[in-house]
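Please examine the sequence and the structure shown below. The paragraphs that follow consider the contacts between charged side chains and then those between aromatic rings.

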Amino acid sequence: MNDLIKKSILSPGKGDKKYPDGTKVSFHVKVETCEDEKEIDDSKKWNEPVELLLGKKFKLEVLEACVRTMMLGEVSKFVIDKKLLSSYPIVSKTLRDHHAKKQGKKVETQPRRCCGIELLKVEPPGSYEKEFWAMTEDEQRLSIPILREEGNKLYKQGDYVTASKKYSEAIGRLDNIMLKEKPHDEDWNKLNDEKLPLLLNYAQCQLLLGEYYAVIEMCTEVLKYDPENVKALFRRGKAYVKIHNVKEAKEDLEKVIENDPDLKNMVNKLLKELTNNEKEKLEEDKKTFQKLFS
């Protein structure tokens, strides 16, 4: 390749090496010291390959340069001059920590140059779903209603877990976009108005999944900007009933009736449930005290 990078093909690949910017490549990489062949990193031990978007200014440009010389399925060895590897310790730690977090493991820091690469997969631009960070600002904004519709479809199918993930991803993307705007300016407010229905949808899924504290958190966020929102009051009130927060439940449910009298029957059922829960709790407490002092 040049005086600073020497390549040896261990197993040839097939296809073309002309990869346009935006191509997504998946590969395994093994890094060793050249002198004593001491292993530094091996992505096969992470149980999944490294992924890279070509042309997106990866922190270790030499790695992208090596991959661009390879064909699909090729396995090659690269001897790289240390001048090109000054940023490798940081990149290495980032990659290892990323894969460790996905597997729920804790990875110890290793000391920090022969490099073996196996190119596993090549996906041209437009053939894969972009990650949020790789999208343009317009693509980021357009992705949010798509996630919401996917969530709605999954909700109707009764898949509340996956629907929750779609709504949560959309909320996270909106939060990232909102960071670029000045809070409470016109553009920020428009984005926040788009976020509130997503919070309510997420809360409804969590309610059905029995995650009541998450429901309370999401609905409280909605009510901060829309204090009379009936859906938020009703869902939070129901969550309070389930966790036996009597005072808060009654306050929310009474506001629901004030704002929408048509929901009176549904609210009365919840209030009856709350009363029964109180009685059951008093009986349990009474039995506990009797055992303690008997």
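**Charged and aromatic contacts**

R141 and E137 both lie in helix α3 (residues 137-156), four residues apart, so about one helical turn separates them; helices (H or I, at least four residues) and strands (E, at least two) are DSSP runs, numbered from the N terminus. The model is predicted: local features need pLDDT of at least 70, side-chain atom pairs count only at pLDDT 80 or more, and totals for chains, interfaces and linings use all residues. Residues are numbered from 1 along each chain as its sequence is written, and side-chain values use heavy atoms, with hydrogens and water left out.

R141 and E137 form a salt bridge, with 3.8 Å between the closest N and O atoms; the term denotes a side-chain nitrogen of Lys or Arg within 4 Å of a carboxyl oxygen of Asp or Glu.

The side chains of E150 and K166 meet in a salt bridge with an N to O distance of 3.0 Å. E150 belongs to helix α3 and K166 to helix α4 (residues 160-178), so that this pair links distant parts of the chain, 16 residues apart. E150 is partly exposed at 32% relative accessibility, and K166 is likewise partly exposed at 26%.

A search of the whole structure finds 17 salt bridges. One of these is formed by E51 and K24, whose closest N and O atoms are 3.6 Å apart. Because E51 lies in strand β4 (residues 50-53) and K24 in strand β2 (residues 24-32), the pair ties together parts that are 27 residues apart in sequence. E51 is partly exposed, with a relative accessible area of 43%, whereas K24 counts as buried at 13%.

How many aromatic pairs does the structure hold? There are two aromatic pairs. Y155 and Y160 form a tilted one, with 5.3 Å from centre to centre and 55° between the planes. Rings of Phe, Tyr and Trp (its six-membered ring) pair if their centres lie within 6.5 Å; planes under 30 degrees apart count as stacked, over 60 as edge-to-face and the rest as tilted. Y155 is partly exposed at 27% relative accessibility, as is Y160 at 25%.

Note on methods
Buried < 20%, exposed > 50% of the residue type's maximum accessible area, 1.4 Å probe, protein only.
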